[in-house]
Amino acid sequence: MNKFVNNFCLLILVFYFVAFVNAQLSSYNIARYVEVEDTKVEIGSIISQNADGSFIKSRKAYDTQVKGVVVANPAIYVKSDDGNERFAVVNTGYAKILANTSNGQIKRGELLRTSATPGVAVRSDKSGFVVGTSLQDYSNKSLKQNNPTI
């Protein structure tokens with residue numbers, strides 16, 4: 001009986017730990033810190049990779065070289081301490097993203113893509129590489145942070 005109780009307690013402890021970890025990670029992201037060659041990199045900027053391996057804010061529609069979105073406080077990250085300024089970039093999960101309505105108003109559930117405006121997403125209007133799904137409506141003409149899933 002004592003062995004059963006010990007195993008049962010261990011099982012409860014493992015379940016609690018797994019449930020706690022999953023609850024913590026469900027709303028946060030795992031990030032990689034990268035050096036971005038642009039100036040004025042903001043939280044929510046979409047980041048792409050050049051052919052030479054350097055990182056920049058995405059600058060073209062339906063960019064296939066997107067690596068992720070800059071976030072402020074990732075739950076888990078890989079970071080280098082080489083002294084250069086680096087930004088936390090995630091490529092899965094929920095993240096606030098810079099978006100505008102230059103390609104039309106954004107409705108909840110619509111796909112977002114990269115645009116010619118550096119680091120900014122717009123509503124997707126045809127097939128192509130997208131960065132996420134909008135989680136809210138947005139109709140303001142100015143630059144704003146939106147909530148797509150990436």
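1. Glu35 is partly exposed, at a relative accessible area of 37% (buried means under 20%, exposed over 50%, partly exposed in between, with a 1.4 Å probe and protein chains only). Glu35 sits in the loop between strand E1 (30-34) and strand E2 (46-49); strands are DSSP runs of at least two residues, numbered from the N terminus.

2. A word on the basis: this is a predicted model, where local features need pLDDT of at least 70 and side-chain atom pairs count only at pLDDT 80 or more, while totals for chains, interfaces and linings use all residues. Residues are numbered from 1 along each chain as its sequence is written, and side-chain values use heavy atoms, leaving out hydrogens and water.

3. Together with Glu37, Asp52 and Glu85, Glu35 forms a negative surface patch (residues with over 30% relative accessible area and no salt bridge, like charges being joined within 9 Å; Asp and Glu count as negative, placed at CG of Asp or CD of Glu).

4. The structure holds 1 salt bridge (a side-chain nitrogen of Lys or Arg within 4 Å of a carboxyl oxygen of Asp or Glu). The partners are Asp38 and Arg59, at 2.1 Å, N to O. This pair links distant parts of the chain, 21 residues apart: Asp38 is in the loop between E1 and E2, and Arg59 in the loop between strand E3 (55-57) and strand E4 (66-70). Asp38 is buried at 15%, whereas Arg59 is partly exposed at 38%.

5. Finally, do look at Leu112 in strand E8 (residues 111-114). Leu112 is buried, with a relative accessible area of 0%, and its C-alpha atom is 9.1 Å from that of Phe129, 17 residues apart along the chain.

Technical notes
Patches are made of residues with over 30% relative accessible area and no salt bridge: like charges are joined within 9 Å, nonpolar side chains (Val, Leu, Ile, Met, Phe, Trp, Tyr) within 5 Å. Accessible areas come from the Shrake-Rupley method with a 1.4 Å probe; for residues, only the protein chains shown count as cover. Helices (H or I, at least four residues) and strands (E, at least two) are DSSP runs, numbered from the N terminus.
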